[in-house]
Amino acid sequence: SGNYVVAIDGPAASGKSTLARKLASRLGLLMVNSGAIYRAITWEIVRENINPEDSDAVISALEKIDIETGRNGGVSTIRINGVQPGDELRSEVVNSNVSAVSAIPKVREKVVQLLRDHLEHSSLVMEGRDIATIVFPDTPYKIYITAAEHVRAARRHKVGEVDSVKRRDAADSGRKTAPLKVADGAEILDTSDHTIESGVDAAIEILKRQG
Ligand code: C5P
């Protein structure tokens, strides 16, 4: 298809989700939050009383979990066994277990396939940890979002998570399969001194250079 992807990666509390959402709406593209799929699987695993650290148990449960992606206006949606998880995706139990679940290679294989399938229907802005490195390595549009530690700390305080974000970043960067890192060809965008709007402007300038 002639569809294309803007890949946005970066750590938690970097401003990546807000930027990706605004960028998608400015460009008229579907916004796909890949973390929501890892969160939804984690939510279901916890709901089924499976130990997220037990990868064999997670994998066998995953075989029976039905995951359906869709869209609602400009944003992708997810249903897991017919249910849309909603606010529970951001709950502390999901925050503290999602890195363990998402480190399992078989989980990643399944999610990567689901993510790639989105491109059949439309062009996308997709945000996550491995979008430019693994999911769509051939896209020319790759932005890695960062922010200074004090800015990220302030953002974490605002959303009420501090320790769990630090642990998550350490786990996501240190894992064997698809660790968070700057992809070849990605441009780094530091959002520390940007407003939301000026950050989107800066992202669009980067995309012009990359295209
Ligand atoms: O982006 P968000 O913070 O919602 O992602 C939640 C978690 O999902 C991350 O901490 C990471 O463990 C996992 N994730 C991932 N790969 C992605 C997106 C998210 O491993 N592309």
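Which of the 14 residues around the ligand come nearest? They are Gly35, Tyr38, Ser102, Gly128 and Arg129, where a residue is near a molecule if its C-beta atom, placed from the backbone, lies within 6 Å of it. This is a predicted model, in which local features need pLDDT of at least 70 and side-chain atom pairs count only at pLDDT 80 or more, while totals for chains, interfaces and linings use all residues. Residues are numbered from 1 along each chain as its sequence is written.

**The shell around the ligand**
- At least two residues of the shell come from each of α2 (34-47), α4 (92-102) and α8 (163-174), helices being DSSP runs of H or I with at least four residues, and strands runs of E with at least two, numbered from the N terminus.
- The most is given by α2, which supplies four residues.

**Helix α2**
- With 14 residues, α2 reaches 20 Å from its first C-alpha to its last, close to the 20 Å expected at 1.5 Å a residue, a span taken as 1.5 Å times one less than the number of residues.
- Among the buried residues of α2 are Tyr38, Arg39, Trp43 and Glu44.
- After α2 comes Asn49, whose phi is positive, near 60 degrees.

**The annotated binding site**
- An unreviewed UniProt entry places the feature "binding site" at Gly10, Pro11, Ala12, Ala13, Ser14, Gly15, Lys16, Ser17 and Thr18, although such annotations may be inferred rather than shown by experiment, feature names are shortened, and positions follow the numbering used here.
- Ser17 is found in helix α1 (residues 16-27), and Ser17 counts as partly exposed because it has 19 C-beta neighbours inside 10 Å.
- Thr18 is also found in helix α1 and counts as partly exposed, with 16 C-beta neighbours inside 10 Å.

**The whole protein**
- The protein has nine helices and seven strands.
- Of its 211 residues, 39% count as buried.
- Along its principal axes, the C-alpha trace of the protein spans about 45 × 40 × 30 Å.

Notes:
A residue is buried if 20 or more other C-beta atoms lie within 10 Å of its own, exposed if 12 or fewer, and partly exposed in between; C-beta atoms are placed from the backbone.
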